[in-house]
Amino acid sequence: MTAANTAIRLLDVHRHFGEVRAVDGVDLEIADGEFFSMLGPSGSGKTTVLRLIAGFEQPTSGTIELAGKDITGTAPFERDVNTVFQDYALFPHMNVLDNVAYGLRVRGVKKTARRQQAMDALAMVRLEHVADRKPAQLSGGQRQRVALARSIVVRPKVLLLDEPLGALDLKLREQMQVELKQLQRDLGITFVFVTHDQEEALTLSDRIAVFSEGRIVQLGSPSEVYEQPVNEYVASFVGTSNLFDAEAARAVLGAEGRFALRPEKIHLVAPSASAGGPQAKGKVAETIYLGVGRRVVVDLEAGPQLVVLEPSTTEAAVKRGDAVLATWRTEDLVRLT
Amino acid sequence: MSSTPNPTLAAPSGAANRRFSSFLATRPRLRLALFLTAPLTWLVGVYIVALAALLVSALWTVDSFTGEINRSLTLDNLKEVVTDALYRTVTLRTLFVAAAVTVIDVALALPIAFFMAKVASPRLRRALVVAVLTPLWASYLVKAFAWRSLLSEGGLLDWILGPFGIHSPGYGLTAVIMTQAYIWLPYVILPIYAGMDRVPGSLLEAAGDLGAPSALTIRTVVLPLALPAVIAGTIFSFSLTMGDYITVNIVGGANQMLGNLVYTNVGAANNLPLAAAIALIPIVIMLGYLALVRRTGALDNL
């Protein structure tokens, strides 16, 4: 990756609040036009990294570059970066159109021109019809889209999104995910997306950085992060995993080390069936119907419990107390560091 | 273990309480009546009746020979107050002082309130709130006299500013304005502080994020959102200055404000009806001001 197509570069960035190392040495390169997600639980440092890029916080040490230019120490209003806030931060005393036009107004764009551009931005999020309303008169989803329009109207190089879908209900969130992705493709703007929702990160992103305690623990494409988690933390935070510690690995897998196995990679067959490859005998402890499938908890004879995700198409559903044989492919077993 | 309440002994009164509570729980009107009787009695009986009495007594007259109050109703006092040049002059002077005090207080309170609400650390903020409130615990008279000595010839102000060629303004309207601006400042800072505290920090960040430098953020976001709170503060400084007569007596020199006229008419002149008529002037002005600012939402910020 050369400087020419790097949108954001962080070099050994630290941000300490007294004793707390909120960001503890982050190196990061985000490419132009990329949909990049920062994933982690609250307090993992992802939001602080976003605020450092936006300029609301200054790093304790390290440098931040935007399009190859060092922007460390510059004020937010000097940065060609815009933020969509978690609480949307719409100006309550202005109507929707004035909110969207605000960035143009402070840049001195003439009134008719900025109204036109603001209407165009509102059209992109299909909200022209609420231009005259105050933010308080909008629904959560509409406010979210107004915040989005307000940020993209000034055509920033990078759009920062701080858990923008967190306050929306599930249905709306899924719909907005599709819209965000389309918008990002249409505009070609780099999106840096902060979320604690691993599913959202997997769905939307080109690449994901998984944060823990102020550091990036894994950086890669969604499938890399999901299929090859580097450690127990990533394996359990991104999706669910059956984790085998050293003892369990020896007992069940007959192997040294620690491993993770995704529930949907395991198949349950009758104990009489002869199956090649890795397998473990057990008894069904619990079955939970999920709609798209069925989660089956199996008590293995070797000791540990195994969570299995069965597709709902399986004709003969296993029942509590059934003896089963769990099978999987060797390559689905992920060795953890 | 005598301090431990004995459940069997406590039971009878507890049970009565519970019965009374459940009796009330199903009767919201009775509950409301019990709740509001005392404050409403005070408000209606003392406050509104007193105000009505003031209005009525303004329509009475005093026999200038005997000093007896004549209770037949006439508009003479009101006519005198409206037409007499003396009252017009004093009213305008009082308005001017109140306006000047209000402008000075708002100018001082805005940056202080902004700093307290949006810049200071929580620790410093608490210290500043205490610092702003502390002068309110000192007697009004003490503060006015402190300013009298401060402003006196050869006083502290002269002593500090003398070397720079600036002298104390002496006793007069300027001294009244300075003193009143000092005394009422906390009443202006606190509502503005509360109003700015209610402006979410993310709005300021959003304005900066969208390209507005600090001054523009304050002008386009902070001030419009804090305006109702600012007006709430001006209601305090304006009305408190309008009604004052002590400060002007202490540092005002020979100047008179409406409060003084009321005071002399109640006391020395023994003309209670005329005093009542004069007292109506600031009331009418304040009612006019309140009606004017009602639409800004300032009254929700008091």
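**Salt bridges and the A–B interface: group meeting talk**

Let me begin with one residue: Glu179(A) is buried, at 14% relative accessibility, where buried means under 20% relative accessible area, exposed means over 50%, and partly exposed lies in between (1.4 Å probe, protein chains only).

Before going on, a word on conventions. This is a predicted model, in which local features need pLDDT of at least 70, side-chain atom pairs count only at pLDDT 80 or more, and totals for chains, interfaces and linings use all residues. Residues are numbered from 1 along each chain as its sequence is written, chains are lettered from A and ligands numbered from 1 in the order in which they are written, and side-chain values use heavy atoms, with hydrogens and water left out.

Back to Glu179(A), then. Its side chain meets that of Arg126(A) in a salt bridge, at 3.2 Å from N to O; the term stands for a side-chain nitrogen of Lys or Arg within 4 Å of a carboxyl oxygen of Asp or Glu. Glu179(A) sits in helix α5 (residues 170-187) of chain A and Arg126(A) in the loop between α3 (111-124) and α4 (140-152), so the pair ties together parts that are 53 residues apart in sequence. Helices here are DSSP runs (H or I, at least four residues), as are strands (E, at least two), numbered from the N terminus. Arg126(A) is partly exposed, at 44%.

A second pair in chain A is Arg9(A) with Glu65(A), at 3.0 Å from N to O. Over all chains, the count comes to 18 salt bridges.

Now let's cross to chain B. How many residues of chain B are in contact with chain A? There are 17, and they touch 23 residues of chain A, with contact meaning heavy atoms within 4.5 Å. The two chains bury about 1,600 Å² between them, 62% of it on carbon and sulfur atoms; this is the accessible area (1.4 Å probe) that two parts lose on being put together, summed over both. Glu205(B), Asp209(B) and Leu210(B) supply 42% of the area that chain B buries against chain A, more than any other three residues.

Across this interface there is one salt bridge. Which residues form it, Arg51(A) and which partner? The partner is Glu205(B), with the closest N and O atoms 2.6 Å apart. Helices α9 (201-209) and α10 (214-242) of chain B each give at least two residues to the side that touches chain A, and α9(B) has the largest share, seven residues. That side of chain B divides into ten nonpolar, five polar and two charged residues; Ala, Val, Leu, Ile, Met, Phe, Trp, Tyr, Cys and Pro count as nonpolar, Asp, Glu, Lys and Arg as charged, and the others, Gly among them, as polar.

Arg51(A) also has a partner within chain A: its side chain forms a salt bridge with Glu57(A), at 3.4 Å from N to O. Arg51(A) is partly exposed, at 22%, while Glu57(A) is buried, at 16%. Through shared partners, salt bridges join Arg15(A), Arg51(A), Glu57(A) and Glu205(B) into one network. Thanks, everyone!
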